[in-house]
Amino acid sequence: MKITTLIDKHEMLRLWAIGEIYVDLLNPENRETALKHLSLLNAKDLISERKGIEQILKKHHWSLIDFIPEDTIWYKAILELNKPEFYKLNNLPVDDLGKITNNTFRVAYAANIIRIKPDLNRRISGIIDAMKKGEVQFSGITLLASEVNGPYTILEGNGRLISLYNLEFIEKLKVCAERQIEVVLGLSDAEIA
């Protein structure tokens, strides 16, 4: 992981919301509303951006955000697409991710299970299909760690990172020619579960 830019919490939330918008854009029924929200998030005006964040992030997002340690410092960072980096990624310990990781909460484990049993998590199987078509972007993937070298807990982007591992390392498809993606990284001295 390589840190590139120091950002504030507002920018972390804005990028998280943009990531949610791109999920909405995959559904044609949501396209018009999603584009209006994206316009607010890209307004370069704090009031409009806050309005966009509040309209996009749902209750379950805010409940997760509320548990982020207060001392967290936010950065844009580069995640290299290689197995050692992906082995440092841990999913959130929630039921639906437990089912596809045999309660290991490891990205690689989930990718292998989804490959064998795609119906086990249709949302991630859908992301894999969309990623093969180039319809998925990586904005807003948000990680939390106590140090820059990890390990990392994925706050946002579990499905995209599992899908990316599946395509890059199991199916051997090159989804990202640059062999890296930009992520948001929060570093905190507080103990991270």
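**A loop residue, the sheet and the pocket**

Modeller: This is a predicted model. In it, N121 has a relative accessible area of 9%, so N121 is buried.

Colleague: Where is the place of N121?

Modeller: N121 sits in the loop between helix 7 (107–116) and helix 8.

Colleague: And what does N121 touch, not counting residues up to four places away in sequence?

Modeller: On that count, N121 touches D96, I100 and I114.

Colleague: In which sense do strand 3 and strand 5 pair?

Modeller: Strand 3 pairs with strand 5 in the parallel sense, over two bridges. Within this pairing, L89 stands opposite Y152, and N90 stands opposite T153.

Colleague: What about strand 4 and strand 5?

Modeller: Strand 4 (residues 142–145) pairs with strand 5 in the antiparallel sense, over three bridges. T153 is involved here too, as the bridge partner of L144.

Colleague: How many residues lie between strand 4 and strand 5 in the hairpin?

Modeller: There are six residues between the two strands of that hairpin. In the turn, G150 has a positive phi of about 80°.

Colleague: Why is strand 5 described as largely enclosed by the rest of the structure?

Modeller: The description holds because five of the five residues of strand 5 are buried.

Colleague: A change of topic: how much space lies in the largest pocket?

Modeller: The largest pocket holds about 690 Å³ of space. It is lined by 26 residues, and the closest to its centre are E20, R123, E156, G157 and G159.

Colleague: Which element supplies the largest share of that lining?

Modeller: Helix 1 does, with five residues. Several elements each supply at least two residues of the lining, including helix 4 (59–65), helix 6 (95–99), helix 8 (122–132), strand 5 (152–156) and helix 9 (158–170).

Colleague: How does the lining of the largest pocket divide by class?

Modeller: The lining has 11 nonpolar, nine polar and six charged residues.

Colleague: Since helix 1 has come up, where does H10 lie, and is H10 buried or exposed?

Modeller: H10 lies in helix 1, which spans residues 9–25. With 16% relative accessibility, H10 counts as buried, because the cut-off is under 20%.

Colleague: Which residues is H10 in contact with, leaving aside its neighbours within four places in sequence?

Modeller: H10 is then in contact with L46, E49, R50 and I53. One of these, E49, also has its side chain joined to that of H10 by a polar contact of 2.7 Å.

Colleague: And how far apart are the C-alpha atoms of H10 and E29?

Modeller: Those C-alpha atoms are separated by 28 Å, with H10 and E29 being 19 residues apart along the chain.

How values were computed. Residues numbered from 1 in each chain as written. Predicted model: local features only at pLDDT ≥ 70, side-chain atom pairs only at ≥ 80, totals over all residues. Heavy atoms only, no water. Helix = DSSP H or I, 4+ residues; strand = E, 2+ residues; numbered from the N terminus. Buried < 20%, exposed > 50% of the residue type's maximum accessible area, 1.4 Å probe, protein only. Contact = heavy atoms within 4.5 Å. Polar contact = N/O pair within 3.5 Å; in protein donor to acceptor, adjacent residues only side chain to side chain. 1 Å grid on protein atoms, 1.4 Å probe; cavity = no way out; pocket = protein on both sides within 12 Å on 5 of 7 lines; lining within 4 Å. Points joined across faces, edges and corners; volume = space filled by probe spheres on them. Nonpolar A, V, L, I, M, F, W, Y, C, P; charged D, E, K, R; others polar. Pairing = 2+ DSSP bridges.
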